[in-house]
Amino acid sequence: MLIKISQHIYALPQQEEKDRPYLYYIYGKNSSLAVDAGSSPAHVKEFYQALRQEGLPLPQRTMLTHWHWDHSFGLCAVQGETWATEKANAQLQKVKKWKWTPEDMARREESGEDIAFCHHYICLEYPELSEIQVVLAKRAIHEEEVWDLGEVHCRLLPRDTPHSRDALLVLVLEDRALLVGDASGVDFYDYHASYDPERLKNWIHWLEGLDFSLFLSGHRPPQSKQQELEWLGKKLAALPAENDVGERPEAADSELKEF
């Protein structure tokens, strides 16, 4: 069931039992945009059914906020144009070559190429692993763009974030809403499921200077700008000091799901 977030933004809520993220839909007078492709064709089917029930047209464009499986593995089932950053497509090109058997997944987990947290939920989403079909977005975003959907303007912002290096964010100008995927979350792959302090500081500084009031992420309910900055400030304050000795602590599963 869709929920209306703001004047032009709807969402299919997250589903924690499978770690499915929010899927967002931005509706303009002339066209519409989906933000993220979800975990699987089944996830996309559910999203499209919810749109039809609300009498909304299916999106002409779908863009990925980043490459991670729960935001991209449904890409094979979406209609219309598909978009991502060049970095996201480059990573999906690597993932496309992966084999999906328990043995291959275990080897990637052992080598650090992929992680147990994702494997657990992939197996829930795909009882038949052979059904996984990884595809790339057909078009790549190289730099900031503004898309006019018809009296609704979306500012697309490729950038580095604490969670991943390939992010594509959307600022819906008329709604003063920023859609970020998992950008505020820990970095699973490059920073041991923790935060790189410098990237987190840069992210907070960038958000402080951006004009928006509503913060929409992949796995948390909508936040105000102030709420998000306060939450991020607490995350930054909880990090070990730069001169502390020892390995970076890994986040618990409950923390991994809260961004």
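Helices, of at least four residues, and strands, of at least two, are DSSP runs numbered from the N terminus.

**View 1. The fold of the predicted model, in helices and strands.** This predicted model contains eight helices and 13 strands. Its radius of gyration is 18 Å, close to the 18 Å that the globule rule gives for 259 residues, so the protein is as compact as a globular protein of that length. Along the principal axes, the C-alpha atoms fill a box of roughly 55 × 45 × 30 Å.

**View 2. The surface and the charged side chains.** The protein exposes about 12100 Å², and carbon and sulfur atoms supply 47% of this area. There are 28 positive and 43 negative side chains in the protein. The centres of these two sets lie 4 Å apart.

**View 3. The position of His-8 in a loop.** The loop that holds His-8 runs between strand β1 (3-4) and strand β2 (9-12). His-8 has a relative accessibility of 13%, and buried means under 20%, so this residue counts as buried.

**View 4. The surroundings of His-8.** When residues up to four places away in sequence are not counted, His-8 touches Tyr-25, Ile-26, Tyr-27, Val-152, Glu-174 and Asp-175. With one of these residues, Asp-175, the side chain of His-8 is joined through a polar contact of 2.6 Å to the partner side chain.

How values were computed. Residues are numbered from 1 along each chain as its sequence is written. This is a predicted model: local features need pLDDT of at least 70, side-chain atom pairs count only at pLDDT 80 or more; totals for chains, interfaces and linings use all residues. Side-chain values use heavy atoms; hydrogens and water are left out. The radius of gyration is taken over C-alpha atoms; the globule rule is 2.2 Å times the number of residues to the power 0.38. Accessible areas come from the Shrake-Rupley method with a 1.4 Å probe; for residues, only the protein chains shown count as cover. Lys and Arg count as positive and Asp and Glu as negative; His and the chain ends are not counted. The place of a charge is taken as NZ of Lys, CZ of Arg, CG of Asp or CD of Glu. Buried means under 20% relative accessible area, exposed over 50%, partly exposed in between (1.4 Å probe, protein chains only). A polar contact is a pair of N or O atoms within 3.5 Å; within protein, one must be able to donate a hydrogen and the other to accept it, and residues adjacent in sequence count only if both atoms are side-chain atoms. Contact means heavy atoms within 4.5 Å.
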